[in-house]
Amino acid sequence: MSPKHVVFKKVSRDKSVAVYMAKRDFMDYCDFVDPVDGVILIDPVQLKGKKVYVMLSCTFRYGHQDMDVMGVAFKRDLFMVTRQVYPELQDKEKLTHTKIQQKLLRKLGENAFPFFFEFPDNLPCSVCLQPGPLDVGKKCAVEFEVKAFSGENRDDRIDKQSSVCLSIRKIHFTPEDSKVVPVAETSLELLMSEKPLHVKMSLPKETFYHGEPVKVTVEITNSSSRNVKDISVSVEQVTNIILYSNDKYIKSVAKEETDDTVPSGTSLRKDYTLYPLLAHNKDRRGLALDGRLKHEDTNLASSTIVKQEVLREVQGILVSYKVVVRMMASGTIGSSEVYLEVPFRLMHPKPEAAKESESDDMVFEEFKRAYLKGVVYGDDDESPTEA
């Protein structure tokens with residue numbers, strides 16, 4: 001027996017417009033991004049001659065939706081495209097790109113109309129900064145929405161009674177696994193030492209998956225006259241917020257402080273294991289997370305991968321990770337900090353392709369808060385209505 005399609009739907013308050021979508025998470029595979037597709041169902045009687053439009057938008061929000069200073073709202077639209085779906089400007093066949101759209105059109109009848117969007121290359125993925133325990137409402141985040149609405153023309157003020165607003169997510173998945181083995185090393189000529197201090201750090205691979213431990217190998221050859229102590233190894237999240245300026249925030253998300261020492265004339269080779277998990281950082285304000293989600297349902301933000309040719313055009317929140325080893329080289333005339341770092345990627349594994357059902361049977365589910373798992377809706381949000 002073929003499995004039934006689960007299709008999410010949401011209806012405007014005045015029943016004039018409804019949106020049907022098979023998913024709300026759209027995967028960015030670095031060289032390809034899932035297109036956004038669905039079907040709009042209209043009620044011509046309720047529309048009263050108005051047109052119907054659908055819009056895909058990407059917004060960088062850095063404050064409450066209802067906050068503004070001297071008329072300037074705390075958000076910026078990074079991308080917005082609006083298309084008319086009714087009356088039709090093209091044949092339905094030309095706007096139908098997926099099998100699920102074909103099945104929905106057959107199921108819903110002549111008042112159903114398809115829509116289809118593609119993401120441009122220069123958009124970041126869905127990322128938010130974790131609020132503090134006392135913070136409420138919407139905070140700093142890159143958010144994506146699909147909105148359907150009716151009006152005399154596309155520039156009319158949108159009436160909430162005749163519109164449907166749905167949050168979606170654009171999520172990074174790892175590209176093909178590279179053969180790169182991240183390594184960094186340095187030799188330091190320390191004051192009053194005839195021979196150098198040599199430090200090397202390596203990782204077994206470039207890409208680690210969320211929840212996977214990060215194994216770090218540190219090798220220290222101390223030919224200097226100083227003693228090495230206070231060795232620590234950490235995973236640091238680097239968050240670049242690019243809008244009107246470029247602000248950078250660096251936060252440790254996993255750290256091991258050791259009692260290991262390397263006296264003068266000795267060496268050390270040791271493996272350390274770090275666990276960069278949101279579960280260990282739940283109340284830390286400002287950490288970058290995947291999507292605008294509660295900590296129990298999400299993870300640390302995935303590494304941002306942007307095509308080199310559009311890197312300068314990208315705005316929003318960009319995230320990267322590095323492993324850092326620090327130590328003190330102490331002698332009779334003072335101490336020197338030794339620092340070494342290696343970048344790596346923290347990603348989701350590429351999911352297995354879902355089997356396409358040949359059946360036209362569908363299960364329609366109302367959009368609820370639970371279906372966009374863990375989304376935090378403030379009082380100002382057009383949150384989905386409970387069924």
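**Entry 1: E257 and S232**

I looked up the neighbours of E257 in this predicted model and found that, leaving aside residues within four places in sequence, E257 is in contact with I231 and S232, where contact means heavy atoms within 4.5 Å. E257 lies in strand β18 (residues 246-257), and S232 is found in strand β17 (residues 227-242); I take strands as DSSP runs of E with at least two residues, and helices as runs of H or I with at least four, both numbered from the N terminus. The C-alpha atoms of E257 and S232 are separated by 4.4 Å, although the two residues are 25 apart along the chain.

Is each of the two buried or exposed? E257 counts as exposed because its relative accessibility is 63%, whereas S232 is buried, with a relative accessible area of 10%; buried means under 20% relative accessible area, exposed over 50%, and partly exposed in between, with a 1.4 Å probe and protein chains only. Not counting residues up to four places away in sequence, S232 touches K255, E256 and E257, and also V324, V325 and R326.

**Entry 2: ground rules**

I note that residues are numbered from 1 along each chain as its sequence is written, and that side-chain values use heavy atoms, with hydrogens and water left out. Since the model is predicted, local features need pLDDT of at least 70 and side-chain atom pairs count only at pLDDT 80 or more, while totals for chains, interfaces and linings use all residues.

**Entry 3: salt bridges**

I searched the whole structure for salt bridges and the search gave twelve, a salt bridge being a side-chain nitrogen of Lys or Arg within 4 Å of a carboxyl oxygen of Asp or Glu.

I went to D271 and K215, whose side chains meet in a salt bridge of 3.6 Å, N to O. D271 lies in strand β19 (residues 267-274) and K215 in strand β16 (residues 214-222), so the pair ties together parts that are 56 residues apart in sequence. D271 is partly exposed, with a relative accessible area of 36%, and K215 is partly exposed too, with 40%.

I then took R269 and E219, which form a salt bridge with their closest N and O atoms 3.9 Å apart. This pair links distant parts of the chain, with R269 in strand β19 and E219 in strand β16, 50 residues apart. R269 counts as exposed because its relative accessibility is 59%, while E219 is partly exposed, with a relative accessible area of 26%.

Next came E341 and K322, joined by a salt bridge whose closest N and O atoms are 3.2 Å apart. E341 is in strand β22 (residues 334-347) and K322 in strand β21 (residues 316-331), 19 residues apart, and the pair is another link between distant parts of the chain. K322 is buried, with a relative accessible area of 13%, whereas E341 counts as partly exposed at 33%.

I also recorded a network of salt bridges that links E236, R326 and E337; R326 is one of the residues that S232 touches.

I looked for nonpolar surface and noted a patch of about 370 Å² made by L191, M192 and I333. Patches are made of residues with over 30% relative accessible area and no salt bridge, with like charges joined within 9 Å and nonpolar side chains (Val, Leu, Ile, Met, Phe, Trp, Tyr) within 5 Å; areas come from the Shrake-Rupley method with a 1.4 Å probe, and for residues only the protein chains shown count as cover. L191 lies in the loop between β13 (183-188) and β14 (197-202) and counts as exposed, because its relative accessibility is 57%.

**Entry 4: totals**

I finally collected the values for the protein, which has three helices and 23 strands. Of its 387 residues, 48% count as buried. Among contacts between residues at least 6 apart in sequence, 69% join residues at least 24 apart. The protein exposes about 20,000 Å², of which carbon and sulfur atoms supply 48%.
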